[in-house]
Amino acid sequence: MKEVEIILEERKAKEREVIDKIVKRQFHLSASSLKSFKQSPKAFIDYKLKEWKQTDAMLSGSMVHCLILEPEEFEKRYITLDCQSPSNAQQKSVIDLLISDKNLEEAYSLNYSKYDEKKAVELKDKYSEFIEFSKKNIKEKKQVVSKDLMIDAHLKSEAIKRNSGAKKVLEMIGQTEVELNWYSQGIKMKGFVDGLGDCILDLKGCPDVSKRKFTYKMVDEYIPMQFAIYADGLQKKHKTENLPCYVICFDNNFEVGTYLINSDFIWAGRMQYLKALKDFKRCIMLDEWHRSVDFYGDENGLGYISKPSLDRKSVV
């Protein structure tokens with residue numbers, strides 16, 4: 001029990017550190033962090049405390065982004081693995097820790113229930129070439145990827161380039177990976193726009209690019225709010241207004257969908273954005289970062305579920 005108490009106290013201390021920075025305005029909000037706050041204040045704190053680990057899906061998405069938006073940078077950032085790599089998530093986590101210069105006992109113990117020196121040494125020896133290969137390329141600031149992942153990223157990027165809608169939209173943008181820093185209602189905001197020109201472009205990997213499934217994904221992941229956030233930053237920093245918003249989405253079956261987002265949908269996203277900022281300031285004032293989804297309920301913390309809809313009011 002004492003160990004549990006120590007862990008809980010450490011967690012509380014980290015939470016308080018994040019909250020203190022918020023109170024002192026030593027923070028910024030992004031579309032991702034504001035999406036987590038839309039779930040609950042507690043989800044926002046969890047998001048801030050979460051240890052970031054890159055999955056193969058995230059890496060694949062980053063590679064496709066680079067191939068489409070910054071092709072000249074691709075060979076500077078990624079290199080194909082030419083030796084045996086870890087075969088499962090636990091092994092990969094151990095090896096990643098060894099690559100970052102953690103000692104063998106610590107790396108193994110963090111991923112397995114107990115330290116087995118013989119198995120740990122065997123694992124390290126098995127992937128010693130991979131470890132050295134990775135360390136070398138980290139120094140050169142290159143991400144080491146498997147051949148399968150490299151092929152997958154190229155096939156996805158080629159599918160996007162062949163898509164007639166995607167080609168038309170890509171011709172409309174003049175800048176890529178545009179960084180934005182601005183203030184909204186006294187809160188510092190930060191974001192990166194995938195593509196900017198005669199439109200705002202977002203390039204997204206997803207499970208299913210069909211119109212119906214992707215529409216539900218947009219609602220679930222607050223994508224209209226994300227566009228509204230970008231539009232706010234662009235208006236304040238670049239004086240651009242009312243640009244059409246496009247999404248190019250791709251899936252693991254190399255299907256591609258290109259969609260123009262309806263202006264009513266973007267308007268609803270703006271309402272979500274403004275309400276989220278208002279709720280965020282309310283949470284600061286009341287210091288209610290411990291609250292779950294009841295934060296958005298009535299005075300008793302109760303929420304109400306009604307028939308779902310995609311009209312302007314219901315998505316806020």
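Trainee: In which strand is the place of Glu177?
Mentor: Quick caveat: this is a predicted model, where local features need pLDDT of at least 70 and side-chain atom pairs count only at pLDDT 80 or more, while totals for chains, interfaces and linings use all residues. Numbering starts from 1 along each chain as its sequence is written, and side-chain values use heavy atoms, with hydrogens and water left out. Strands here are DSSP runs of E, at least two residues, and helices are runs of H or I, at least four, both numbered from the N terminus. Glu177 has a positive phi of about 50° without being a glycine, and its place is in residues 173-184, strand β3.

Trainee: Is Glu177 buried, exposed or partly exposed?
Mentor: Buried means under 20% relative accessible area and exposed over 50%, with partly exposed in between (1.4 Å probe, protein chains only). Glu177 has 27% relative accessibility, so it counts as partly exposed.

Trainee: And what is the relative accessibility of Asp287?
Mentor: Asp287 is found in the segment after α14 (263-286), and its phi is positive too, near 50°. It counts as partly exposed because its relative accessibility is 38%.

Trainee: How far apart are the end C-alpha atoms of α13?
Mentor: The expected span of a helix is 1.5 Å times one less than its number of residues. For the 16 residues of α13 (residues 223-238) that should give 22 Å, which agrees with the distance in the model, 21 Å.

Trainee: Which residue follows α13?
Mentor: Within α13, the buried residues include Ile223, Phe227 and Leu234. After the helix comes a residue with a positive phi, near 60°: Lys239.

Trainee: At what angle do α2 and α3 pack?
Mentor: Contact means heavy atoms within 4.5 Å, and on that basis Ser32, Ser33, Ser36, Phe37 and Gln39 in α2 meet Pro41, Ala43, Phe44 and Tyr47 in α3. Axes are lines fitted to C-alpha atoms, for helices over the stretch in contact, and angles run from 0 to 180 degrees between N-to-C directions. The axes of α2 (residues 31-39) and α3 (residues 41-49) are 5 Å apart, and the angle is about 145°.
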